[in-house]
Amino acid sequence: MRSSHTGGSPRKSGATSEFKNRRTFLKGSVATVAGIGLAGCSSNGDGNGSNGSGSNGGGDEAEIHVVTGETNQAAKQWFDRMANQFMQETGIAVTMDYSSLSPTERISTLIQTGNTPELATLDTGQAAQLAFRDQLAGVSELVGTFEDEYGGDVPDNVRLQMDGTDYTVPLWTNPTQVWYWSDVYEEYGLESSAALTWEEYQEIAAEINSDDMYGTVVPSATSSLSSFTFWNFLTSNGGSVASRSDGDVQIALDQGDNKARAVETVEYLNELHEYSPRASDFEWGDILQSFVSRNSAHSIYGPRAKLQVINNTPERKGEVRPHFPVHNGTEQFINNGGGWVLLDGAEYKDEARQFIEFTVRQNRLVDFLTSVAPVHNFPTIAEIAEMDEYRNSEFISENFRERDLEIVQESFEKGISWGGETEPYNQYGPSLFTSQELGTLLYNVNISGKDPEQAVSDTAGRLRDVLSNLQE
Amino acid sequence: MSIARFIDYIPQSVHDRVESDDRIIGTLFLLPVVLLVSFVVFLPVVWAVYNSLFDIGTLNPERNFVALGNYVDLLGADPMFWSSLWKAFYFAVGSTLLQLAVAVPTAVLLNKELRGIAVARAIALLPYLIPTIVVGMMFTWMGHPELGVVSNGLEDIGLTDGPMYFFGSERWAMPALIVANSWKFTAFIVMMVLARLQSIPESHYEAAQMCGASAWRQFRDVTLPNIRNVVLLVLLLRGIWMFNKFDIIWILTRGGPANATTTLPVYIYEIAFTQYRMGTALAASTLLFLLLVVAGVLYLRAFDPASEVET
């Protein structure tokens, strides 16, 4: 039974009550139709419906409902294993809800129908959307448990904190690097270090660019990939999208020195676009496909580029290596990440906390990190990445060089999160990213030929509208 | 004794009772369906219209009554609403006309009794059976600027001098979407028109031939009047369905590039799940619904395609 109780603050109780009335109405309608219309056909005749939606007759067996967008086979196997082991150990049932759509869409449906799930795995941006709307419960003590378990700290650049409270238990992070085909570098006699300057990167792209292969890819679409690309390069140029003034978050893209950095970044990416496919409709899958099919020499993403090569052309896996371009000495990119969130309106929050704790204990998380997109889903605690169980796991030791792992770890340690531009954390950062306005900026300059300075000003204006909607 | 003779012997009062019982039984048989349809069709519409009067966050069950506030915002202060409405109109009209332009000649061809025509008919109807997601992936690959057969083919024959960005250019994205969408759904119109064509008596054509009518005159004076009503019906149905189309647009362009293919259904989705404003999304859905109802009623009054059923 999950409908008889909803938690939450007193402020929410009115809405919850109204909501319950809607549910009662719907349930009544269902019962009427079932009772009258389907009598003798499929109803069990007791008017209680099916699938556990009716009363359980007073018994109150906890059942944790978990929504996740991690739907690949390895992830499903891990979640199913966790659910079964947890059930055996505690007697508490866990229902896995694998959502092939965005998990926030699934969660919104469940919230609107009064079936708020207990748990979800979300990336930081998605979690921020829920945290904003007071739908998440604080999980700071669980972050502490997680840290104690592995003897290290969860750094700020993967946390989602508001007013000092954590709203995610960050299980993995996706630090950004640029991956390249090392055999192509060798063919052209090019050298690469872990950190290339912008100028070096551009020269390499120009050198490689030919009829057979693009020198690089500059995604220039109204897409999250393009927003991601711009924000990463802006960060590596020491610029920021937002800042704080008198404690309030404001858009900084077109302010002072920051505007010069933003314009310089756009101009650089515009020059780099000369060695890129047009990419005006590129999303994540497109950049991977372009890289794996050797249509382009570089891919800005994370280690997933390498994982795709391992899956598709394993004989070439040794030729895929990472680095990251830096500018004016700034070695900083963006970290995204994800982990557990606990829904505040759920019924079995205490049991859900137990489940989170269960999944991070006794190296169960290491099992996840070495089987579900390994290295792309990088550990959020440095000590995990140092563990023998992690480093020497079969997949990682067979496919990743020590140096590759060091570069990934380095980019993670130096990276900042969407909200990490400001101190304290900019809770609107993830939403500014998902608005895709920064991707539109690249589209406007690289595809529509708009003036970079004007395009930056226009984008800042639109981001202010987004921010103002969020702050209302 | 035959059944008819037997029935003649049954008294009138018994007849009346049986008829009355039949009506009751018929009503009882219909009732579950009526209730079910009411529940799954009527109730959600009423529910959506009612909730469009509230400010509702998609991720939050709290609701605040705002009366017509959501409508005022959309109609008065949201240029994207009008822009997406226009794009939905463009997409619907373009798709429907293209489908019709291809379907009618195809149906006429498939109506001929030629060798292997049964196989040709089956092939012509095949696209309708392919799931939209597969069609979307197919056109994504065919339309790929670097690797796609269409872009490379056009370049090979000298019609273009570089990659064509069908789904990545503001200019071409909508026409490309219309073509991809029509490829699948033209088969539906072919089916409808072909069914009507097969019901035209051969004697009509024989009479026309005896009067010396050319192939064009036979088409114009025999075929066209016979398929007129089915075409009008199909225009209405396809127009509504295309106006509401979401899946293939989302699969191929997600409304991009730069909102060039953000039709109203796509925009409603964005309001609900990107901007998290469920109340506003419901108001936009209600406006779309009302628009289609009004257009449908006017269309039915003007053309009366229902007479097809009576002819």
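**A glutamine and its surroundings**

Tutor: Gln129(A) counts as buried because its relative accessible area is 5%; buried means under 20%, exposed over 50%, and partly exposed in between, with a 1.4 Å probe and protein chains only. This is a predicted model, in which local features need pLDDT of at least 70 and side-chain atom pairs count only at pLDDT 80 or more, while totals for chains, interfaces and linings use all residues. Residues are numbered from 1 along each chain as its sequence is written, chains are lettered from A and ligands numbered from 1 in the order in which they are written, and side-chain values use heavy atoms, with hydrogens and water left out.

Gln129(A) belongs to helix 4 of chain A, residues 124–132. Helices (H or I, at least four residues) and strands (E, at least two) are DSSP runs, numbered from the N terminus. The side chain of Gln129(A) has a polar contact of 3.2 Å with the side chain of Ser431(A). Such a contact is a pair of N or O atoms within 3.5 Å; within protein, one must be able to donate a hydrogen and the other to accept it, and residues adjacent in sequence count only if both atoms are side-chain atoms. Leaving aside residues up to four places away in sequence, Gln129(A) touches Ser431(A) and Thr434(A), and from chain B Leu59(B) and Tyr276(B). Contact means heavy atoms within 4.5 Å.

Next, the chain around this glutamine. Chain A has 20 helices and 14 strands, and 58% of its 472 residues count as buried. Among its contacts with a separation of 6 or more, 78% are between residues 24 or more positions apart. The accessible area of chain A is about 18,300 Å², of which carbon and sulfur atoms supply 43%; areas come from the Shrake-Rupley method with a 1.4 Å probe, and for residues only the protein chains shown count as cover.

Chain A is assigned domain 1 (1–6 + 61–174 + 335–417) and domain 2 (177–333 + 435–471), with bounds from an automatic or database domain assignment. Their C-alpha centres are 28 Å apart, and 19 residues of domain 1 are in contact with 19 residues of domain 2.

Helix 10 of chain A (residues 284–292) has buried residues Ile287(A), Leu288(A), Gln289(A), Ser290(A), Phe291(A) and Val292(A). These pack against strand 7 (177–181), helix 8 (224–236), strand 11 (298–301), helix 11 (304–312) and strand 12 (320–326) of chain A, together with helix 6 (132–142) of chain B. After helix 10 of chain A comes Arg294(A), with a positive phi near 60 degrees.

On the chain B side, Gly279(B) lies in helix 13, residues 278–303. Gly279(B) is buried because its relative accessibility is 0%. Beyond residues up to four places away in sequence, Gly279(B) touches Asn51(B), Ser52(B), Phe54(B), Ile56(B) and Asn70(B).

Chain B is assigned domain 1 (3–51) and domain 2 (78–310). The C-alpha centres of these chain B domains are 37 Å apart, and four residues of domain 1 are in contact with four residues of domain 2.
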